[in-house]
Amino acid sequence: MNCSRIEADDGTKTKHQYMISAPSEVCWKDGSMQQELLPWAVLFFIIYTIGYPVLVAWILLTPASREKAQSDQFLRCMGTGSTPRTNKKYYNFRSKYSTLYFKFKPQYYYWALIIVLRKLLIVTFTLVFHINATMQLSMILLVCFLAYTLQVKYNPYMSRADYEDILGDMDQAEYDDLLKRCPQPKGIGYEHFAEENRDHLKKRRFSVTHVHFRSITRGDLKAGSEQALKFLFDY
């Protein structure tokens with residue numbers, strides 16, 4: 001569907017449009033290659049450009065899916081929920097759809113749709129303004145700037161370093177309700193199951209940490225390198 005008239009050096013344009021990807025093929029002419037490919041282009045446009053975002057929205061944006069995705073992310077922060085035994089209510093949902101939301105904080109479980117929208121707008125403006133490079137670049141930069149602004153403002157990605165803060169921000173009622181819906185076997189999960197430990201997490205960001213200096217051992221170096229790797233290569 002991406003066709004255009006060819007412009008000569010003297011500024012004159014051809015009468016017919018030609019495919020951008022194959023300039024020797026005329027467009028919108030019966031029997032041409034472009035006409036043969038057009039039905040397939042329309043079909044895959046519906047499947048990929050429209051169908052995939054609609055499918056993802058249908059999976060994530062229902063009230064039931066919201067509860068499942070957010071609760072499963074809280075269990076992930078607790079270090080549990082990866083087996084049917086520790087995630088009786090949401091394990092099936094995690095095994096099917098976790099790739100859509102596992103990178104994001106519980107309240108931003110739907111952020112994959114924002115990413116799909118960003119990519120869709122970039123591709124759309126690339127095709128619509130392919131003749132006007134200035135307008136094309138301006139619109140793409142606008143989309144990238146808006147996407148960057150949203151990401152900086154909301155910080156939707158959830159790394160392992162965020163687990164404790166997310167658990168510390170949970171209300172006691174939400175916490176108890178989650179454990180009631182997904183009871184944990186004894187000894188499984190984070191130590192944050194205790195209320196007093198979660199209160200400590202809430203205060204940790206506002207307290208002063210006292211550091212005691214001592215000699216560094218080989219075990220300290222190994223532990224520090226492992227933490228650095230987890231931080232640097234975390235999604």
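Which residues form one aromatic cluster? Y108, Y109, Y110, W111 and Y154 do. The legends below describe close-up views of a predicted model.

**View 1. A disulfide joins C3 and C27.** Their sulfur atoms lie 2.1 Å apart. The pair links distant parts of the chain, 24 residues apart. C3 sits in strand 1 (residues 3–7). C27 sits in the loop between strand 2 (13–19) and helix 1 (33–60). The angle about the S-S bond is -85 degrees, and the link is left-handed. Both C3 and C27 are buried. The disulfide count comes to one.

**View 2. C144 is partly exposed, and C182 is buried.** C144 has 36% relative accessibility. That value lies between the cut-offs of 20% and 50%, so C144 counts as partly exposed. C182 has a relative accessible area of 0%. Buried means under 20%, so C182 falls in that class.

**View 3. F93 and Y101 form a stacked aromatic pair.** A search of the whole structure finds ten aromatic pairs, including this one. The F93 and Y101 rings are 5.7 Å apart, centre to centre. Their planes make an angle of 25 degrees. Both F93 and Y101 are buried.

**View 4. Y109 and Y110 form an edge-to-face aromatic pair.** The ring centres of Y109 and Y110 are 5.6 Å apart, with 85 degrees between the planes. Y109 is buried, at 5% relative accessibility. Y110 is partly exposed, because its relative accessible area is 28%. Both Y109 and Y110 belong to the aromatic cluster, along with Y108, W111 and Y154.

Notes
Residues numbered from 1 in each chain as written. Predicted model: local features only at pLDDT ≥ 70, side-chain atom pairs only at ≥ 80, totals over all residues. Heavy atoms only, no water. Disulfide = S-S within 2.5 Å. Helix = DSSP H or I, 4+ residues; strand = E, 2+ residues; numbered from the N terminus. Buried < 20%, exposed > 50% of the residue type's maximum accessible area, 1.4 Å probe, protein only. Phe/Tyr/Trp six-rings, centres within 6.5 Å; stacked < 30°, edge-to-face > 60°.
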